[in-house]
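Please examine the sequence and the structure shown below. The report that follows is intended as a guided reading of them.

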Amino acid sequence: MTDATIEVDGLHKRYGAATALRGMTFTARPGRVTGFVGPNGAGKSTTMRIILGLHRADAGRALVGGRPYRSLRHPLRHLGALLDASALHPARSGRNHLVWLAQSQGLGRSRVDEVLAQVGLESAARRAAGGYSLGMRQRLGIAAALLADPPVVMLDEPFNGMDPEGIVWLRDFLRALAGRQRAVLVSSHLMTELQGMADQVVVVGRGRVIADCAVADLIASASGDRLRVRTSATSLAAAALTSTGAQVTETDQDLLSVRGLPVERAVSVLAAAGVPFSELAPHRATLEEAYFDLTRDAVDYRSGASS
Amino acid sequence: MRRILSAEWTKFRSVPGWIRGSAVAALLIALFPITGLGGGPPEQAAPIPIGPGGGPVVDAYYFVHRDLTGDGRITVRVAGLDGVGWAKAGLIASGGESPGSRYATIMVTGGHGVRMQHDYLHDRAGPEPAARWLRLTRSGDTITGEASADGSAWRRIDAIELPEATRIGLFVAAPQQTSGLGSAPGVATAEFGRPELTGDWSGDWTGHQRGARTATFSGYPTGASGGFTETGDGFTVTGAGDLAPATRADLPVAAAAGDLLLGTFPALIVIVVVATLMITTEFRYALIRTTLSADHRRGRLLLGKALVVGGVTFGTSLAAAALTLPLWLWVVRRLGLYVFPAPPGVLLRASAGTAALLALTAVLALSVGTILRRSAAAVTAVVVAVVLPYLVALIPFLPSAVGQWLTRVTPAAALGVQQTLTRPPQVDSVYSVAYGYYPLSPWAGLAVLCAYTAATFTLAAFLLHRRDA
């Protein structure tokens, strides 16, 4: 097993009466950005704390590069993590925050200046962290995660509170890390944040994995064999298409979703009926739609149980 | 461990409030005595007798004497002594008239048998406590004291070089009676047989209350007075006072060097706050997760924090106390206040002990902060544990046993490391915390705090290890 992996295997964790994890199992691999997605309370943060050896699992194990995190002599050289960007002493400067972390890993101060430059925080580095915006804190947290140049990077909800510019920067940054064969695990409760960035998604709900697959496969399965048809004459079009046995639903004004009909057939049917249309194409599900399809059961169960 | 230490030191020095707190604590130790300077020196009409050892003494007794030239001897039987405890009746060779002069005595006491004492500090018990025959012999410069149960078989107790002794005779003294936290003048009356004299004695038997105008003489009880009467077969002598090192109760207006470390209390509160925040802010800002994911050896982490805050506190407090204590002593003495003398070694011990006390309290606060994870609760708990027992021990209307017990078994026992007064065994006095006397020796008191700190630190390390972060 390469150094650049996180393996989570059968984690169980209870906090008093509440069960947080029920057999959480997945692997984050090198060269890939793995999205770790699920509604709030699904067990993402708990899993990450167990990976870092902060919490003890009741059962199961979590390995970083094949070893338990607690057995690592210089853990930040194996795994860089950002759990909570606001976990800073407000009176300590960002630079000093990185300096003590560097000292704890036996690293020099030159490395601190390197990562500060890498995240673009040099100008604010000597100011007290209490005055940082959330975006600056996120950058500082990412600098801390990268400090010892680890093969695995794990970020918990890094996009929270970031401005659009920051989000773009972070996506490119994480993609570049994966491009250098790092394993990147990013949690989010919003699938949209991962679209266009994650190679793999681990979808979790109620403490276990619901789906663990490549993003391309997930979208394909959620897209199904649907077509989208844009037309001003929706009722005419619907009548013509239904006559072929296809299922038609109106999803929006001037927009129909058609199931059970190849594209060529649909074009010829509409042309034969003389119905004008401005767009006719296979429907491509968003990652979010796929996610909602997957988590609906888990969410329903949760709201049902709590009501 | 070196990496943890350097990381924790960086954490400590990079929070300006903590550095300021440490500096303020040192300044409080250095400057707090200024709060006691108001009002000027107390009215002190009577002189304080200073003994040959340099310390203040009580030099007051009723003295019935003649003068001896050359070698000689005086022998007397003490037929009765109406007095308790350290009430004294016997023979004395006085080395001079000025208060605090040298002397040698042999005596019977109210409750401690036959003793031979000299020069205020030295006390030796006789081999036969019930002996009632006493004699002093001068041979050259040496005064020899002997006691006998029957007047024929004599046993030597001690011999003292005292070339200046000329005036020799009977004496009676009765120290202050202590009751609870107060004291009252004492008085004793003794029946002596007729003294047998050998050698060249001159003058008549004359009596006077010695030391009547000294600051350490507490006087006679209301209605009583000193004096002597010659009876058919001897003398009846009534006297008050003592021949002993002065205690704080004898000199209430004087100060002890340890009093000048009173800045310890405000400094302690500041240090407790800083040491507590070192760990509770980590919990508050969830920084503890970053810390523990950088190094999972949690016991060592706590040890690293303890060494940093303890080391900083010890260094700054020691510098503040050791540098300013001699300076304040000089200032206070220049202002006319009498301060019980303390040798440099004792001052250094009080300073180093104060620094150790504050460093240990810092580690205690760090440990309690780790256990409770809340700043306010932890600060309150530590201040209450360390300072409150001391304050309660100062309450005047509490039985002194309560104060002694509190400063023996609670962390406040460590304040005993600041005591610069010693408790002479041959003096019953008011040895209260308010007067600067502690039940335990300085290092034993510090050891009590050490034990509390070690136990709390162990519990904190255990909980930090066991709890999910």
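The text turns to chain A as a whole and then to aromatic rings and the charges placed over them. The structure is a predicted model.

**Chain A**

Chain A contains nine helices and 13 strands. Its C-alpha atoms occupy a box of roughly 75 × 45 × 40 Å along the principal axes. Of its 307 residues, 50% count as buried. Among the contacts in chain A with a separation of 6 or more, 68% are made by residues 24 or more positions apart. The accessible surface of chain A is about 13100 Å², and carbon and sulfur atoms contribute 50% of this area. Chain A carries 35 positive and 29 negative charges, whose mean positions lie 9 Å apart.

**Aromatic rings**

Over all chains, the structure holds 14 aromatic pairs. One of them joins F228(B) and F235(B); this pair is tilted, with 5.9 Å from centre to centre and 45 degrees between the planes. F228(B) has a relative accessibility of 24% and therefore counts as partly exposed. F235(B), by contrast, is buried, because its relative accessible area is 0%. Both residues belong to a cluster linked by ring pairs, together with Y62(B) and W205(B).

**Charges over rings**

Which residues lie over the faces of W100(A) and F235(B)? The table gives each residue with its ring.

| Residue over the ring | Ring | Distance from the ring centre |
|---|---|---|
| K11(B) | W100(A) | 4.0 Å |
| R194(B) | F235(B) | 5.5 Å |

F235(B) thus has R194(B) over its face and also forms the tilted pair with F228(B).

How values were computed
Residues are numbered from 1 along each chain as its sequence is written. Chains are lettered from A and ligands numbered from 1 in the order in which they are written. This is a predicted model: local features need pLDDT of at least 70, side-chain atom pairs count only at pLDDT 80 or more; totals for chains, interfaces and linings use all residues. Side-chain values use heavy atoms; hydrogens and water are left out. Rings of Phe, Tyr and Trp (its six-membered ring) pair if their centres lie within 6.5 Å; planes under 30 degrees apart count as stacked, over 60 as edge-to-face and the rest as tilted. Buried means under 20% relative accessible area, exposed over 50%, partly exposed in between (1.4 Å probe, protein chains only). A charge sits over a ring if NZ of Lys or CZ of Arg is within 6 Å of the ring centre and within 35 degrees of the ring normal. Helices (H or I, at least four residues) and strands (E, at least two) are DSSP runs, numbered from the N terminus. Contact means heavy atoms within 4.5 Å. Accessible areas come from the Shrake-Rupley method with a 1.4 Å probe; for residues, only the protein chains shown count as cover. Lys and Arg count as positive and Asp and Glu as negative; His and the chain ends are not counted. The place of a charge is taken as NZ of Lys, CZ of Arg, CG of Asp or CD of Glu.
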